[in-house]
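Welcome! Let's take a walk through this structure together, one part at a time.

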Amino acid sequence: MIVRWVAGFGRFWYRFIVGDDWMIAASIAVGLVVVYALTLARISAWWLMPVIAPLVLLVSLRRARGQRA
Amino acid sequence: MSSTVLAVAVTTFLASAVEAIEMVAIVAGVGATRGWRAALAGAAAGGAVLLVLVAVLGVALTRIPIGPLRLVVGALLLVFGLNWLRKGIRRVAAYGFRGLRVTASAPADEDVPRDRPDWTGFVLSFKGVLLEGLEVAFIVVTFGSTSNQLGTAVVAGVGAVAVIGALGASIQPALRRIPRSVLQLVVGLLLTTFGTFWSVEGLGISWPGSDLAILLLLVWYAAIAGAAIAWLRGTRGAGATRRAVAP
């Protein structure tokens with residue numbers, strides 16, 4: 001009973017945070033770390049996420065081709 | 001009314017209205033795509049937590065570290081937004097802008113649970129209201145306390161949220177008539193835009209043009225979505241042609 005509840009709880013948060021494609025969440029996390037590192041190095045990096053997000057989206061769309069929409 | 005009171009009222013109202021638009025856009029988007037029950041329950045819970053924070057902390061509210069909150073909420077919204085945008089782009093590419101319509105009994109997103117509460121819709125709405133509400137509270141406290149006109153700032157801030165909230169409620173019937181695929185596309189665009197803006201701001205980076213960057217991000221992502229739809233339709237058409245000519 002408890003194991004099932006914990007598994008369900010974990011599944012909810014995984015689906016909630018990660019969604020349909022884990023690559024999107026992983027890429028955004030890595031992108032934000034890179035933006036932060038560049039900022040620490042005093043390099044302007046506000047433009048990086050608006051570049052990373054569409055790239056991730058296009059790669060994810062390419063991976064999903066052939067699946068039902 | 002003295003010029004100081006008027007200046008505080010107008011400035012607080014306009015600044016709060018900008019934050020309230022973001023708040024209402026998220027709640028309306030979640031309501032239209034995942035169902036209004038979870039969206040409104042999340043908004044109410046977010047509002048209640050906000051009220052408690054304001055009541056307990058008062059003017060000390062400005063000591064809450066808004067940066068980490070923006071980063072976490074922004075990163076989550078960005079991931080949600082991209083997932084919804086991906087879904088919306090694929091559906092518009094497959095079914096066109098007319099798509100399927102949303103009805104009161106059938107929410108737009110088919111992964112919305114029918115037999116239990118929709119926690120995804122609830123949490124999305126909750127944090128949208130809590131974060132934006134906190135920003136409105138910061139604006140009110142900052143403008144109000146620095147000019148010694150806290151009462152005026154409170155009235156202006158609450159007034160802005162009420163006016164924008166009423167506008168949001170008035171467009172709800174129109175939202176029901178919009179096809180599901182288009183709704184997913186638009187909500188995905190909004191969440192991706194706000195998510196990008198907040199997550200980067202949360203890292204302590206200022207956007208060129210401040211809040212105007214939100215509009216530019218929205219236009220940028222809309223252009224990307226348009227290009228992606230055209231690309232998917234092109235490859236789908238080419239695939240169909242290949243299948244049609246295959247022996």
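This is a predicted model: local features need pLDDT of at least 70, side-chain atom pairs count only at pLDDT 80 or more; totals for chains, interfaces and linings use all residues.

Let's start with chain B, which has eight helices and zero strands. Read from the N terminus on, its elements simply run α-α-α-α-α-α-α-α. Chain B has 247 residues, and 51% of them count as buried. If you take the contacts in chain B between residues at least 6 apart in sequence, 86% join residues at least 24 apart. Its accessible surface comes to about 11,300 Å², with 71% belonging to carbon and sulfur atoms.

The size of an interface is often given as the accessible area lost when the parts come together. Here the two chains bury about 3,000 Å² between them, and 75% of that is on carbon and sulfur atoms. Three residues, B:Leu82, B:Arg86 and B:Arg90, supply 22% of the area that chain B buries against chain A, more than any other three residues. The contact involves 36 residues from chain B and 30 residues from chain A. Between the chains there are zero salt bridges, while four residue pairs are in polar contact across the interface. On the chain B side, α3 (66-95), α4 (119-146), α7 (180-202) and α8 (212-245) each supply at least two of the touching residues. The largest share, 16 residues, comes from α3(B).

Finally, turn to chain A. A:Met1 sits in the segment before α1 (2-18) and is exposed, because its relative accessible area is 81%. A:Met1 also belongs to a nonpolar surface patch with A:Ile2, A:Trp5, A:Val6, A:Phe9, A:Trp13 and A:Ile17, with about 820 Å² of accessible area together.

How values were computed:
Residues are numbered from 1 along each chain as its sequence is written. Chains are lettered from A and ligands numbered from 1 in the order in which they are written. Side-chain values use heavy atoms; hydrogens and water are left out. Helices (H or I, at least four residues) and strands (E, at least two) are DSSP runs, numbered from the N terminus. Buried means under 20% relative accessible area, exposed over 50%, partly exposed in between (1.4 Å probe, protein chains only). Contact means heavy atoms within 4.5 Å. Accessible areas come from the Shrake-Rupley method with a 1.4 Å probe; for residues, only the protein chains shown count as cover. Patches are made of residues with over 30% relative accessible area and no salt bridge: like charges are joined within 9 Å, nonpolar side chains (Val, Leu, Ile, Met, Phe, Trp, Tyr) within 5 Å. A salt bridge is a side-chain nitrogen of Lys or Arg within 4 Å of a carboxyl oxygen of Asp or Glu. Buried area is the accessible area (1.4 Å probe) that two parts lose on being put together, summed over both. A polar contact is a pair of N or O atoms within 3.5 Å; within protein, one must be able to donate a hydrogen and the other to accept it, and residues adjacent in sequence count only if both atoms are side-chain atoms.
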